[in-house]
Amino acid sequence: MLEFDFMQNAFIAGGLVSVLAGVVGFFLVMRGQTFAGHALSHVGFAGATGAALLGLSPIWGLIWVTLLGGVSMGALGERLQGSDIVIGTILSLALGLGMLFLHFFTAYATQATALLFGNVLGVNTDTLWTLAWLGLACLLLLAIMARPLVFASLQPELAEAKGVSLRQVSMLFLAIVALTTAECIQIVGVLLVFTLMVGPAATAQKLTSHLGTGVLLAALLALAEAWLGITLAFYTDWPTSFWITALSSSAYLAVTVLHMLRNRRLLASAA
Amino acid sequence: MSALSLQQVTVSFAGRAVLSDVSLEIGQGLFIGMLGPNGAGKTTLMRTVLGLIRPVGGSIRVLGEPASRGNAAVGYIPQLRSLAGNMRLRGWDFVASACNGHRWGLPILSRAARQEVHWALDMVGATELARRPLMETSGGERQRLLLAQALLGRPRLLLLDEPLISLDPHHQHGVVTLVKQVQQELGITVIFSAHELNPLLAAIDQVLYLGRGQAALGKVDEVITKPVLSRLYGSNIDVIRMKNRIFVMAGDVEVEKEEHCHHA
């Protein structure tokens, strides 16, 4: 299957994005901000359709608007954190706006499915380069801020006392999340970003209690799920996004069941 | 040089004066129990000492230096929050996150930093404990890990915000004994805030009682008295002693019990 250019592109794009999503997702789960990540992808939908309506590049519309959304969420900080209602309202407003933009620009409507559910088989070389550079920038930024990010996520009050700016950390991290979300949308679409960002990270956290191992495992799981999903899609002709979501949720389910069985055995041996 | 010196300090929080014109000196190497009703400013005072809240008036000196954020000489255990998302992480990573945690870069510890974490865990007897995920530790064990974390950087003043909250009496005793032992061994100053005086009675050198913007510092017998507490509560308070315990009563209600219930 690798003799096809579009399959090569799909594997490269899937690889780049899934590794990034796994790593960033690990911290997103650790900070309990998964819903914010989910909302950012919907904000991206409005960005992409709005850009298309204005005759601008949809992918850059997507990137800039999610980035703006991420930074604003970070700046609002604690007032927004954990506020499911505010985040949920923004999420639905963004989807509504996206619908409105599509209504005015019907020619773009054919792209809507790709935007909502992803189209990794349609990634061209230009997009590939954009994904690569953005991904690299995100990983670099994450590497630079990793230590204060972990500290601020685990012990915010103590981190603040030791001189960490919680707002700065939150804004920078949500900027990274926004860019990662924009990347994920290229692969699995707006509605399924959770599957690459949260699924592998949550599975990894059930498998290990070590921080470093967990990050690595999340990246590897995401990569395996993305590549296996693309391969299965090629041979079954079913949508790639379906396969990735199926693999991501199966992995999580399997680990959860294993955990339950182990705990039951532990309880039984303790009794 | 005192561990903590407040001179005519006034601190406002949300437009209300939490401390007004408070002056006190806490000597080095003392174990101070900090008490007072909810909203009396126990946490606010700690955050002021940490440099997170600027006083409206007066001056605060911590070990001779003006209070400032990021002072390595001050260790801190914030009030325990839920660690919902992080419960699967092992204790070691949780404790180690505070090691140079304010510096940019990857959280990879140098050999010296790892030794520092080992030392801190060893100080509180949590080396074994740190291998387990947080979700498999009890409340008392978690306080042990938090204490180890606070000891990183070898602080000379330790601020502990309500470490006894939601612990049963047995574990409360364990935590107080451990803190006392560490405090004696390292010769540091500890300010330990709590809702109830009795669990601390055997350990503390002095008590710092806050109420209505004012503070009283001194030996238990000097501070836990009818006139001092009546002034801090702004109502008639009775102090009843029974064997080795002290009950602070407003009318026929035990005030500490009342506060505790409200909090829970």
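# Exercises on a predicted two-chain model

Among contacts in chain A between residues at least 6 apart in sequence, 76% join residues at least 24 apart; two residues are in contact if their C-beta atoms, placed from the backbone, lie within 7 Å. The model is predicted, so local features need pLDDT of at least 70 and side-chain atom pairs count only at pLDDT 80 or more, while totals for chains, interfaces and linings use all residues. Residues are numbered from 1 along each chain as its sequence is written, and chains are lettered from A and ligands numbered from 1 in the order in which they are written.

## Exercise 1

Describe the make-up and overall dimensions of chain A.

Step 1. Chain A has 12 helices and 0 strands, where helices (H or I, at least four residues) and strands (E, at least two) are DSSP runs, numbered from the N terminus.

Step 2. The radius of gyration, taken over C-alpha atoms, is 19 Å for chain A, close to the 18 Å of the globule rule for 271 residues, so chain A is as compact as a globular protein of that length. The rule is 2.2 Å times the number of residues to the power 0.38.

Step 3. The C-alpha trace of chain A spans about 65 × 45 × 30 Å along its principal axes.

## Exercise 2

Characterise the side of chain A that touches chain B.

Step 1. Contacts link 27 residues of chain A with 25 residues of chain B.

Step 2. On chain A, two or more residues each come from α1 (5-30), α6 (125-154), α7 (156-161) and α10 (199-207). The largest share, 9 residues, belongs to α6(A).

Step 3. This side of chain A divides into 15 nonpolar, 6 polar and 6 charged residues. Ala, Val, Leu, Ile, Met, Phe, Trp, Tyr, Cys and Pro count as nonpolar, Asp, Glu, Lys and Arg as charged, and the others, Gly among them, as polar.

## Exercise 3

Work out the sheet of chain B.

Step 1. The strand order in this open sheet of 4 strands is β2-β1-β4-β5 (chain B), paired antiparallel; two strands pair if DSSP finds at least two bridges between them.

Step 2. At the edges stand β2 (16-26) and β5 (65-66) of chain B, each with a single partner strand, so one side of each has no neighbour in the sheet.

Step 3. Between β1(B) and β2(B) there are 7 bridges, and Ser12(B) stands opposite Ala17(B). The two strands form a hairpin with 2 residues between them, and Ala14(B) in the turn has a positive phi of about 55 degrees.

Step 4. Strand β1 (residues 4-13) of chain B is joined to β4 (residues 57-62) of chain B by 5 bridges, with Leu4(B) partnered by Val62(B).
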